[in-house]
Amino acid sequence: MRGWLRRRFDAAYERVLRHELSGAPAHVAVIQDGNRRYARERGDDPSDGHQAGARTTERVLDWCAELGVEELTLYAFSTENFERPPEERERLFDLLETKLREFADAERVHDQRVRIRALGETRRLPERVRDAIDYAERRTAGYDGFTLNVALAYGGRAELLGAARDVARAVDRGDLGPEEVDVAEIESRLHDDPVRDVDLIVRTGGDERTSNFLPWHANGNEAAVFFCAPYWPAFSKVDFLRAIRTYESREASWQRAKAERALALVRAFGSVEVEEARDVLARLREYVPDSAEVDAEADPESRAD
């Protein structure tokens, strides 16, 4: 009875959330935390938790397709994960190898033109995992419908250090001038192919930290962050919709801040710039609370003496 009520509640809440949303972030990055704790609380082996988490990953891919998310990055194996017990680590490598090959062969991946690619220091992974990465990337290389990034042997600090060292070597050789080092130059050295700026980071499992995940693409883009308590295997569609609602609220707040700054600039304009100022405000009016106040501020001639 309790399970039936819970399903009814979740279905109703999902409808409410869907009604509240007007779009979706282009790039979502997920820290899939809590697989081992999920298994431990059920008296299972850690590998059982990772298997359950892999099933959640498949559901999230479906939700992304349904909602219009264009790129998903999964933090599947960090550089810190190499410190785990050997037996657990090997089982995780087995799972990664299996899932990469399954995804590369899945009909829906080809129907939806999903491109799979790995991010991170993949040379540190066992040969069987590297072979599976190569297989998945080759099988989906020509697709452009959706991008699935799998972060493997990944560490954000190491990623930035690698790019900085690469730039330093190029400058030292004379191939690059110091004045030529810009955003595009750094980005070109982070990954072989461009990674879209992150709009939303989701972390499950209750911890409220981003764990060195995609610092250039997330922090630089002021990505929204959603922390939630459910372990990754228990992460639901309602949780995912709540995360997107957090992103939309963050975007709305950011747009309001931009509009308020624009209004402050308009207030400083002289009469010569009034027409240009009114054009700017017209584009931002939906984000400004009181349009009457905006009109008065934008047109000095309408002010009372």
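## Asn 81 and its surroundings

The side chain of Asn 81 comes to 2.8 Å from the backbone nitrogen of Ser 78, in a model that is predicted. Asn 81 lies in the loop that runs between β2 (71–78) and α4 (86–105). With a relative accessible area of 12%, Asn 81 falls under the 20% limit and therefore counts as buried. When residues up to four places away in sequence are set aside, Asn 81 touches Ala 76 and Arg 89.

## The annotated pair

In an unreviewed entry, UniProt lists Asp 33 and Asn 81 under "active site". The two positions are spread over 49 residues of sequence, yet they cluster in space, the largest C-alpha distance being 12.1 Å. Both Asp 33 and Asn 81 belong to the lining of the largest pocket. An annotation of this kind may be inferred rather than shown by experiment.

Asp 33 sits in the loop between β1 (27–31) and α2 (35–41), and its relative accessibility of 19% places it in the buried class because that class takes in values under 20%. Beyond its neighbours within four places in sequence, Asp 33 is in contact with Arg 203, Thr 204, Gly 205, Asp 207, Tyr 231 and Trp 232.

## Salt bridges

The structure holds 28 salt bridges. In one of them, the side chains of Glu 88 and Arg 84 meet with an N to O distance of 3.3 Å. Glu 88 is buried at a relative accessible area of 12%, and Arg 84 is buried as well, with a value of 18%.

Asp 193 forms a salt bridge with Arg 115, and the closest N and O atoms of this pair are 2.7 Å apart. This pair links distant parts of the chain, since Asp 193 is in the loop between α8 (183–190) and β5 (200–203), whereas Arg 115 is in strand β3 (residues 114–119), 78 residues apart. Asp 193 counts as partly exposed at 31% relative accessibility, and Arg 115 counts as partly exposed at 22%. Another salt bridge joins the side chains of Asp 239 and Arg 242 at 3.6 Å, N to O. These two residues are 3 residues apart in helix α10 (residues 237–268), which means that about one helical turn separates Asp 239 from Arg 242. Asp 239 is buried at 8% relative accessibility, while Arg 242 is partly exposed at 28%.

In soluble globular proteins, nonpolar side chains tend to be buried together. The largest nonpolar core here has 47 residues, of which Leu 72, Leu 125, Leu 148 and Leu 200 touch the most other members. Helix α4 gives the most to this core, with 7 residues. Apart from this core lies another, of 13 residues, among them Ile 31, Ala 151, Tyr 154 and Val 195.

Definitions and conventions
Residues are numbered from 1 along each chain as its sequence is written. This is a predicted model: local features need pLDDT of at least 70, side-chain atom pairs count only at pLDDT 80 or more; totals for chains, interfaces and linings use all residues. Side-chain values use heavy atoms; hydrogens and water are left out. On a 1 Å grid over the protein atoms alone, a cavity is a set of points where a 1.4 Å probe fits but cannot get out, and a pocket is an open set with protein on both sides within 12 Å along at least five of seven lines; lining residues have an atom within 4 Å of a point. Helices (H or I, at least four residues) and strands (E, at least two) are DSSP runs, numbered from the N terminus. Buried means under 20% relative accessible area, exposed over 50%, partly exposed in between (1.4 Å probe, protein chains only). Contact means heavy atoms within 4.5 Å. A polar contact is a pair of N or O atoms within 3.5 Å; within protein, one must be able to donate a hydrogen and the other to accept it, and residues adjacent in sequence count only if both atoms are side-chain atoms. A nonpolar core is a set of buried Ala, Val, Leu, Ile, Met, Phe, Trp, Tyr and Cys residues joined through side-chain atoms within 4.5 Å. A salt bridge is a side-chain nitrogen of Lys or Arg within 4 Å of a carboxyl oxygen of Asp or Glu.
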